[in-house]
Amino acid sequence: MNRVLRFYNYEKCFEYYTQCIFNLRQAKINGEVIVAKPVLMLALLDGVNDGEFVGNNFSLTDWLEVRYLSLMRKYTKDSQFDDPSSIYNPFWHLHSDGFWHLHLKKEREGRATPSTGWLKENVSSARFDDDLWVLLQNREWRMKLRDFIVEKKLTK
């Protein structure tokens, strides 16, 4: 169902979150930007579109990992990785961009990226900002956001 809220400003919301996504903090390898975070965003949007995620609660499911790896193979330059980056790194690091929020089973000390094992054991789920989640419920705006990510973050 494609609900439209009468008093919700889709344009301003879209503008705000496209700016957030445009300004994603992304590491580089040999001078090339790593595309793991935008690819994870695409996989999440695809999951919403396909009905895999019906609430603002995202877990590291097999479906998400398969979709993410498929998109990584499509958008990663051959010069960056022998194998596509694990989903755990962007799932963890996306929270530093302010609109992705992790639900941890226990707090973590230290600043280094946690191990995959620690993430599997201690990250129960994640969610988007409520405003972004509302935007994603509208198929037209979800597709516009997906197109923005592909155009601005993945095809240069």
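Mentor: Let's start with R142 and N49, whose side chains are joined by a polar contact of 2.8 Å. Keep in mind that this is a predicted model.

Trainee: Where does R142 sit, and which residues does R142 touch?

Mentor: R142 belongs to helix α7, which covers residues 139-154. Not counting residues up to four places away in sequence, R142 touches L45, V48, N49, L135, L136 and Q137.

Trainee: An arginine makes me think of charge pairing. How do I read that?

Mentor: The general idea is that side chains of opposite charge can pair when their charged atoms come close. Now apply it to R142, which is buried but has no salt bridge.

Trainee: Which side chain of opposite charge is nearest to R142?

Mentor: That is D46, 7.5 Å away.

Trainee: Are R146 and D46 buried or exposed?

Mentor: Both R146 and D46 are buried. For contrast in setting, take R127 and D130, a salt bridge whose closest N and O atoms are 3.9 Å apart.

Trainee: Why does R127 count as partly exposed, and how is D130 classed?

Mentor: R127 is partly exposed because its relative accessible area is 27%, and that falls between the 20% and 50% cut-offs. D130 counts as exposed because its relative accessibility is 53%.

Trainee: Now to the nonpolar side. What should I expect there?

Mentor: In soluble globular proteins, nonpolar side chains tend to be buried together. Here the largest nonpolar core has 49 residues, and F99, W100, F128 and I149 have the most contacts inside it. The element that gives the most to this core is helix α2 (residues 36-49), with nine residues.

Trainee: Which residues are in contact with F128?

Mentor: Leaving aside neighbours within four places in sequence, the list is M41, L44, N56, F58, F99, W100, H101, W133 and L136. Across the protein chain, residues 24 or more positions apart account for 69% of the contacts with a separation of 6 or more. Buried residues make up 44% of the 156 residues.

Trainee: How many helices and strands are there, and in what order do the elements run?

Mentor: The protein chain has seven helices and four strands. From the N terminus on, they run α-β-β-α-α-α-β-α-β-α-α.

Trainee: Last point: how far can I trust the details?

Mentor: Where pLDDT is low, the predicted coordinates should not be read in detail. This chain averages 88, and 89% of the residues score at least 70. Among the elements, α2 has the highest mean pLDDT, 97, while strand β1 (residues 28-29) has the lowest, 82.

How values were computed:
Residues numbered from 1 in each chain as written. Predicted model: local features only at pLDDT ≥ 70, side-chain atom pairs only at ≥ 80, totals over all residues. Heavy atoms only, no water. Core = buried A, V, L, I, M, F, W, Y, C linked by side-chain atoms within 4.5 Å. Buried < 20%, exposed > 50% of the residue type's maximum accessible area, 1.4 Å probe, protein only. Helix = DSSP H or I, 4+ residues; strand = E, 2+ residues; numbered from the N terminus. Contact = heavy atoms within 4.5 Å. pLDDT = per-residue confidence, 0-100. Lys, Arg positive; Asp, Glu negative; His and termini not counted. Salt bridge = Lys/Arg side-chain N within 4 Å of Asp/Glu carboxyl O. Polar contact = N/O pair within 3.5 Å; in protein donor to acceptor, adjacent residues only side chain to side chain.
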